[in-house]
Amino acid sequence: MLNALEVFTTVVVGLMVGVEFSVAFVMNRIFNALPEDSDQLARAHGGRMLGALMPFWYIGSLVLGAIWAVAGWDRSGAGLVVIAAALLIVSVIMSVLLLVPINNRSRTWTPENRPGDWKEQMNRWDRYHYARVAVIVAAFTLLVTALV
(Lines give C-alpha, C1' and ligand atoms only; values in the text may rest on other atoms or scores of the structure.)
Protein backbone atom coordinates (compact mmCIF):
# COMPACT_ATOMS: atom_id res chain seq x y z
CA MET A 1 0.00 0.00 0.00
CA LEU A 2 2.84 2.40 0.81
CA ASN A 3 4.38 1.76 -2.61
CA ALA A 4 1.12 2.83 -4.27
CA LEU A 5 1.04 5.99 -2.14
CA GLU A 6 4.64 6.78 -3.08
CA VAL A 7 3.99 6.40 -6.79
CA PHE A 8 0.65 8.24 -6.67
CA THR A 9 2.17 11.16 -4.74
CA THR A 10 5.09 11.38 -7.14
CA VAL A 11 2.77 11.38 -10.16
CA VAL A 12 0.46 14.04 -8.65
CA VAL A 13 3.39 16.31 -7.78
CA GLY A 14 5.03 15.63 -11.14
CA LEU A 15 1.90 16.60 -13.03
CA MET A 16 1.62 19.78 -10.96
CA VAL A 17 5.23 20.61 -11.80
CA GLY A 18 4.47 20.04 -15.48
CA VAL A 19 1.48 22.38 -15.45
CA GLU A 20 3.32 25.11 -13.58
CA PHE A 21 6.44 24.73 -15.72
CA SER A 22 4.25 25.02 -18.82
CA VAL A 23 2.61 28.18 -17.48
CA ALA A 24 5.98 29.74 -16.72
CA PHE A 25 7.93 28.81 -19.81
CA VAL A 26 5.34 28.14 -22.52
CA MET A 27 1.93 29.70 -21.94
CA ASN A 28 3.06 33.08 -20.63
CA ARG A 29 5.49 33.45 -23.56
CA ILE A 30 2.65 32.65 -25.94
CA PHE A 31 0.40 35.15 -24.16
CA ASN A 32 3.10 37.83 -24.27
CA ALA A 33 3.31 37.45 -28.06
CA LEU A 34 -0.42 37.96 -28.61
CA PRO A 35 -1.57 41.22 -30.17
CA GLU A 36 -3.10 44.18 -28.33
CA ASP A 37 -5.16 43.25 -25.28
CA SER A 38 -5.11 39.50 -25.85
CA ASP A 39 -2.19 38.97 -23.41
CA GLN A 40 -4.08 40.50 -20.52
CA LEU A 41 -7.33 38.75 -21.41
CA ALA A 42 -5.58 35.36 -21.70
CA ARG A 43 -3.85 35.84 -18.34
CA ALA A 44 -7.15 36.83 -16.69
CA HIS A 45 -8.85 33.73 -18.07
CA GLY A 46 -5.91 31.54 -17.03
CA GLY A 47 -6.03 33.09 -13.57
CA ARG A 48 -9.71 32.24 -13.24
CA MET A 49 -9.35 28.70 -14.58
CA LEU A 50 -6.15 27.64 -12.83
CA GLY A 51 -6.97 29.73 -9.77
CA ALA A 52 -9.93 27.44 -9.15
CA LEU A 53 -7.92 24.22 -9.57
CA MET A 54 -4.43 24.83 -8.23
CA PRO A 55 -5.26 25.36 -4.53
CA PHE A 56 -6.61 21.81 -4.37
CA TRP A 57 -3.62 20.48 -6.28
CA TYR A 58 -1.07 22.25 -4.06
CA ILE A 59 -2.77 21.30 -0.80
CA GLY A 60 -3.43 17.77 -2.06
CA SER A 61 0.22 17.35 -3.00
CA LEU A 62 1.28 18.61 0.40
CA VAL A 63 -1.11 16.25 2.21
CA LEU A 64 0.04 13.28 0.13
CA GLY A 65 3.68 14.16 0.84
CA ALA A 66 2.99 14.46 4.55
CA ILE A 67 1.18 11.11 4.63
CA TRP A 68 4.09 9.49 2.78
CA ALA A 69 6.57 11.04 5.23
CA VAL A 70 4.65 9.71 8.24
CA ALA A 71 3.78 6.28 6.79
CA GLY A 72 7.28 5.69 5.46
CA TRP A 73 9.22 7.14 8.36
CA ASP A 74 11.16 3.91 8.91
CA ARG A 75 12.11 3.44 5.24
CA SER A 76 15.12 4.70 3.38
CA GLY A 77 14.52 8.06 1.75
CA ALA A 78 12.23 9.28 4.53
CA GLY A 79 14.39 12.34 5.10
CA LEU A 80 14.08 13.27 1.43
CA VAL A 81 10.30 12.99 1.65
CA VAL A 82 10.24 15.21 4.74
CA ILE A 83 12.31 17.85 2.95
CA ALA A 84 10.06 17.55 -0.11
CA ALA A 85 6.98 18.05 2.08
CA ALA A 86 8.65 21.08 3.67
CA LEU A 87 9.29 22.51 0.20
CA LEU A 88 5.64 21.92 -0.69
CA ILE A 89 4.72 23.88 2.45
CA VAL A 90 6.98 26.68 1.22
CA SER A 91 5.23 26.59 -2.17
CA VAL A 92 1.82 26.93 -0.52
CA ILE A 93 3.03 29.83 1.63
CA MET A 94 4.54 31.52 -1.43
CA SER A 95 1.27 31.05 -3.28
CA VAL A 96 -0.89 32.49 -0.52
CA LEU A 97 1.37 35.43 0.34
CA LEU A 98 2.82 36.38 -3.05
CA LEU A 99 0.97 34.97 -6.04
CA VAL A 100 -2.69 34.67 -5.02
CA PRO A 101 -3.14 38.38 -4.16
CA ILE A 102 -1.92 39.38 -7.64
CA ASN A 103 -3.93 36.60 -9.26
CA ASN A 104 -7.11 37.61 -7.43
CA ARG A 105 -6.77 41.14 -8.76
CA SER A 106 -5.74 40.26 -12.30
CA ARG A 107 -8.40 37.68 -13.01
CA THR A 108 -11.09 40.35 -12.94
CA TRP A 109 -9.27 42.80 -15.18
CA THR A 110 -10.48 43.75 -18.61
CA PRO A 111 -8.90 46.22 -21.03
CA GLU A 112 -11.36 48.78 -19.70
CA ASN A 113 -10.73 48.38 -15.95
CA ARG A 114 -7.13 47.19 -15.61
CA PRO A 115 -4.72 49.41 -13.70
CA GLY A 116 -1.98 51.33 -15.46
CA ASP A 117 0.70 49.13 -13.88
CA TRP A 118 -0.88 45.83 -14.92
CA LYS A 119 2.20 44.73 -16.86
CA GLU A 120 4.46 45.41 -13.88
CA GLN A 121 2.13 43.36 -11.69
CA MET A 122 2.19 40.50 -14.21
CA ASN A 123 6.00 40.67 -14.34
CA ARG A 124 6.10 40.49 -10.53
CA TRP A 125 3.73 37.49 -10.61
CA ASP A 126 6.00 35.84 -13.20
CA ARG A 127 9.11 36.33 -11.04
CA TYR A 128 7.37 34.86 -7.99
CA HIS A 129 6.06 32.02 -10.14
CA TYR A 130 9.57 31.19 -11.43
CA ALA A 131 10.73 30.90 -7.82
CA ARG A 132 7.75 28.73 -6.90
CA VAL A 133 8.40 26.47 -9.90
CA ALA A 134 11.99 26.02 -8.70
CA VAL A 135 10.70 25.04 -5.25
CA ILE A 136 8.23 22.46 -6.55
CA VAL A 137 10.77 21.06 -9.03
CA ALA A 138 13.12 20.55 -6.08
CA ALA A 139 10.33 18.84 -4.11
CA PHE A 140 9.52 16.59 -7.06
CA THR A 141 13.19 15.72 -7.53
CA LEU A 142 13.45 14.70 -3.88
CA LEU A 143 10.32 12.55 -4.12
CA VAL A 144 11.66 10.78 -7.21
CA THR A 145 15.00 10.26 -5.50
CA ALA A 146 13.24 8.83 -2.43
CA LEU A 147 11.64 6.19 -4.66
CA VAL A 148 15.03 4.81 -5.65
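Visitor: How many helices and how many strands are there in the protein chain?

Guide: This is a predicted model, and its protein chain has 4 helices and 0 strands. Read from the N terminus on, the elements follow the order α-α-α-α.

Visitor: What box do the C-alpha atoms of the protein chain fill?

Guide: Taken along the principal axes, the box is roughly 55 × 25 × 20 Å. Of the 148 residues in the protein chain, 41% are buried.

Visitor: Among contacts between residues at least 6 apart in sequence, what percentage join residues at least 24 apart?

Guide: The share is 80% in the protein chain.

Visitor: Where does helix 2 bend?

Guide: The bend is at Leu 50 and amounts to about 35°. Leu 50 will return when we come to the largest pocket, as one of the residues nearest the centre of that pocket.

Visitor: Which residues lie nearest the centre of the largest pocket?

Guide: They are Leu 50, Gly 51, Met 54, Asn 103 and Trp 125, out of 31 residues that line the pocket. Two or more lining residues come from each of helix 1 (2–32), helix 2, helix 3 (78–106) and helix 4 (118–147). Helix 2 gives the largest share, 12 residues.

Visitor: Let us end with one residue. Is His 129 buried or exposed, and why?

Guide: His 129 has a relative accessible area of 0%, so it is counted as buried, the cut-off for that class being under 20%. Its place is in helix 4.

Visitor: Which residues is His 129 in contact with, leaving aside its neighbours within four places in sequence?

Guide: The contacts of His 129 are Glu 20, Val 23, Ala 24 and Leu 99. As for Leu 80, 49 residues from His 129 along the chain, the C-alpha atoms of the two are separated by 23 Å.

How values were computed. Residues numbered from 1 in each chain as written. Predicted model: local features only at pLDDT ≥ 70, side-chain atom pairs only at ≥ 80, totals over all residues. Heavy atoms only, no water. Bend = angle between axes of the 7 residues up to and from the residue. 1 Å grid on protein atoms, 1.4 Å probe; cavity = no way out; pocket = protein on both sides within 12 Å on 5 of 7 lines; lining within 4 Å. Buried < 20%, exposed > 50% of the residue type's maximum accessible area, 1.4 Å probe, protein only. Contact = heavy atoms within 4.5 Å.
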